[in-house]
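Subject: Structure handover and findings

Dear colleague,

I am passing on the structure below, together with an account of what was found in it. Please read the notes with the coordinates open beside you.

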Amino acid sequence: MEHLKTIVFDLDGTLYEDTHHFQYYANLLKGKLPFEKQTLFEEDYIAVGEGTHTLKIGRVYDAKKDLILAHLNGKVTNGWTWEGVEVTKEELTSHYPDSLSFDLFDMLSIGDLWWVPVSIAKHYGLTSEQAYAAFLQTREHMMTDDFILEPLKEFAQVLEKLHTKYTLVLMTNSPQTDSDVILKKLGFTSFFHDKIYEANKPINTTDRLTYISKQHHVPYNQMLSVGDNYINEILPAAIMGCKTICIDPFELFKDSEANYTVKDLSELSALLDKSLLK
Ligand SMILES: [Mg+2]
């Protein structure tokens with residue numbers, strides 16, 4: 001990572017790795033279910049967390065057919081019922097002749113922890129409207145003073161040093177109001193030289209990186225993109241010739257285009273410190 005000039009950071013899951021808000025979200029979703037389903041929800045949520053449930057990060061939940069799917073680039077490879085009974089290959093081929101296309105309502109790609117409680121809630125009958133209301137309520141809660149967000153100390157120190165030596169850019173899909181509150185809670189407000197909100201990644205990732213390159217007079221190979229979403233922040237940047245660090249807590253992207261893969265913020269801090277500050 002020699003000659004690097006500019007570092008582009010994602011926000012959620014990249015500058016902080018708080019998980020309290022997922023529990024808050026899960027509780028809200030659970031509360032919207034009929035009373036007799038709430039214990040079942042709770043049991044499933046714990047089982048997913050312990051890795052003993054068929055539903056896992058990296059898989060897909062087909063809410064219409066109530067099936068859990070594994071896939072490779074959208075092509076279904078395995079399928080299970082909610083209880084974990086494997087679906088036959090014949091059945092899978094007839095259900096899913098084409099590549100999967102994901103949406104936010106019926107075909108849920110379990111890409112991060114946001115998608116776990118919502119999939120369970122949908123399994124127990126929650127509507128998409130109810131689930132979305134719970135999501136908005138959670139985002140709102142994150143803006144209040146009740147929601148305390150502590151930065152990882154070693155990462156905060158690294159970021160502070162980086163901002164005196166490199167141009168730091170924040171690029172997030174979240175709106176400005178939410179993002180600025182989160183930055184303030186973390187104490188990172190003054191560390192970024194440029195901020196791009198509602199970036200519409202991955203569709204506009206390439207355009208945004210082109211803008212950054214022009215605006216800050218830096219060629220792509222002197223830019224580093226750091227993020228926890230492979231499709232949004234890593235793959236498009238790698239294709240353009242930027243350096244990349246992928247945060248991959250669930251080991252979903254072992255054979256990836258990323259220059260470096262780390263499992264959490266602590267590893268990221270160590271890597272940035274070693275390669276950019278020494
Ligand atoms: Mg993220």
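Does Y230 count as buried or partly exposed, judged by its relative accessibility? Before the answer, please keep in mind that this is a predicted model. At a relative accessibility of 9%, Y230 counts as buried, because the limit for that class is under 20% relative accessible area.

The structure holds 12 aromatic pairs. One of them joins W114 and F135 in an edge-to-face arrangement, with 5.1 Å from centre to centre and 70° between the planes. Since W114 lies in the loop between β5 (107–109) and α4 (115–123), while F135 belongs to helix α5 (residues 128–143), this pair ties together parts that are 21 residues apart in sequence. W114 is buried, its relative accessible area being 14%, whereas F135, at 26% relative accessibility, counts as partly exposed.

Y230 returns here as the partner of F253, and these two rings form a stacked pair, 4.7 Å centre to centre and with 20° between the planes. Y230 is in helix α9 (residues 230–240) and F253 in the loop between β9 (243–247) and β10 (260–262), so that parts 23 residues apart in sequence are tied together by the pair. While Y230 counts as buried, F253 has a relative accessibility of 25% and counts as partly exposed.

Elsewhere, one aromatic cluster is formed by F9, F155, F188, F191 and F192. A further ring contact involves a charge: the charged end of R59 sits over the ring of W80, at 4.0 Å from the centre of that ring.

Magnesium site

The protein donors of the magnesium ion are D10 and D228, each through OD, and D12 through O, and they lie 2.1 to 2.2 Å from the ion. The spacing of these donor residues in sequence is D-x1-D-x215-D. Both D10 and D12 are buried. If you examine this site, please note that water is not among the atoms, so the site may look incomplete.

Helix packing

Helix α1 (residues 20–31) packs against helix α2 (residues 35–50) at an angle of about 155°, and their axes are 9 Å apart. That angle makes α1 roughly antiparallel to α2, because angles over 145 degrees are placed in that class. The crossing of α1 and α2 is right-handed.

With kind regards

Conventions: Residues numbered from 1 in each chain as written. Predicted model: local features only at pLDDT ≥ 70, side-chain atom pairs only at ≥ 80, totals over all residues. Heavy atoms only, no water. Phe/Tyr/Trp six-rings, centres within 6.5 Å; stacked < 30°, edge-to-face > 60°. Helix = DSSP H or I, 4+ residues; strand = E, 2+ residues; numbered from the N terminus. Buried < 20%, exposed > 50% of the residue type's maximum accessible area, 1.4 Å probe, protein only. Lys NZ or Arg CZ within 6 Å of the ring centre and 35° of its normal. Donors = N, O, S within 2.8 Å, 3.2 Å for Na, K, Ca; no water. Axes fitted to C-alpha atoms, helices over the stretch in contact; angles between N-to-C directions. Parallel < 35°, antiparallel > 145°, perpendicular 65-115°, else oblique. Left-handed = near helix turned anticlockwise from the far one by under 90°.
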